[in-house]
Amino acid sequence: MIEIFTENLLLVPCSLDIAKSLVFHRKELEKRSPITIPQNWPSPLITGILPFYIEKLEKDESHYGWGLWLIINYADKRIIGDIYLHGKPDKKGNVQLTYTMNRDYQKTSLTYEAVDALIDWLVTQADAKKVLMECSDSNYQSIRLFEKLGMRCTKKDGRFLTWELRKVI
């Protein structure tokens, strides 16, 4: 089992069992879980991806850690967001990720803490050479986060910006 601990957070990949429970037995999962699962989690994006994520994990366990990660706040014992890796690194070593934070936590340093910790983990993975993230040119909060993470904007496609962070070897 992979776990990433930070000062305030625990990041864990979403297991096949948790993913299935979210889709098929959410009420039961909410009752039994020691961690609070907010009503507005997961986001619509992740809700749409979950069936494909489940299918991918059922076919090949090696995808564990290369998909959905839960962001858990120690103090609240609650899921406050997620990070989604869009699969294993491609042939060039690129890994794309997307994050979502609960509205109550968006303007805190916890977003940086979570994404930075996951990027630190990615850097230790042999096949991962570059982290890619995207946002619109009007998403100033994400732009500030990406700059703070040391990412560079490498592409503008209409209103969408692509940011990257290369692994230092």
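Reader: What covers the buried residues of helix 5?
Author: This is a predicted model. In it, the cover over the buried residues of helix 5 includes strand 5 (94–101), helix 4 (110–123), strand 6 (130–136) and strand 8 (160–166).

Reader: Which residues in helix 5 are buried?
Author: Helix 5 spans residues 140–148, and S142, I143, L145 and F146 are buried there. Seen down the helix axis, the buried residues fall within an arc of 160°, so they line one face of helix 5.

Reader: And on the other side of helix 5, which residues are exposed?
Author: Y140, R144 and K148 are exposed on that other side.

Reader: Turning to pockets, what volume has the largest pocket?
Author: Its volume is about 680 Å³. The lining consists of 35 residues, and those closest to the centre of the pocket are Y99, M101, Q106, T111 and S142. S142 is also one of the buried residues of helix 5.

Reader: Which elements give two or more residues to the lining of the largest pocket?
Author: They are strand 4 (78–85), strand 5, helix 4, strand 6 and helix 5.

Reader: How do the residues of that lining divide into nonpolar, polar and charged?
Author: The lining of the largest pocket has 14 nonpolar, 16 polar and five charged residues.

Reader: What about the second largest pocket: what is its volume, and which residues are closest to its centre?
Author: The second largest pocket has a volume of about 330 Å³. Among the 21 residues lining it, I18, L29, S33, I37 and L70 are the closest to its centre. Strand 2 (9–13), helix 1 (16–24), helix 2 (26–32) and strand 3 (68–73) are the elements that each give two or more residues to this lining.

Reader: Which element gives the largest share of the lining of the second largest pocket?
Author: Helix 1 does, with four residues. By class, the lining of the second largest pocket comprises 14 nonpolar, four polar and three charged residues.

Reader: You mentioned strand 2. How many residues of strand 2 are buried?
Author: Five of the five are buried, so strand 2 is largely enclosed by the rest of the structure. L9, L11 and P13 lie on one side of the strand and L10 and V12 on the other, and both faces are covered.

Reader: How many bridges join strand 2 to strand 1, and how many join strand 2 to strand 3?
Author: Two bridges join strand 1 (residues 4–5) to strand 2, and the pair runs antiparallel. A hairpin of three residues links these two strands. Strand 2 and strand 3 also run antiparallel, with five bridges between them.

Reader: What is the order of strands in the sheet, and which strands stand at the edges?
Author: The sheet is open and has eight strands in the order 1-2-3-4-5-6-8-7, with mixed pairing. Strand 1 and strand 7 (152–157) stand at the edges, each with a single partner strand, so one side of each is left without a neighbour in the sheet.

Reader: Finally, how many bridges join strand 6 to strand 8?
Author: Seven bridges join them, and the two strands run antiparallel. Within this pair, V131 stands opposite L165 of strand 8.

Key. Residues numbered from 1 in each chain as written. Predicted model: local features only at pLDDT ≥ 70, side-chain atom pairs only at ≥ 80, totals over all residues. Heavy atoms only, no water. Buried < 20%, exposed > 50% of the residue type's maximum accessible area, 1.4 Å probe, protein only. Arc of directions from axis to C-beta. Contact = heavy atoms within 4.5 Å. 1 Å grid on protein atoms, 1.4 Å probe; cavity = no way out; pocket = protein on both sides within 12 Å on 5 of 7 lines; lining within 4 Å. Points joined across faces, edges and corners; volume = space filled by probe spheres on them. Nonpolar A, V, L, I, M, F, W, Y, C, P; charged D, E, K, R; others polar. Pairing = 2+ DSSP bridges.
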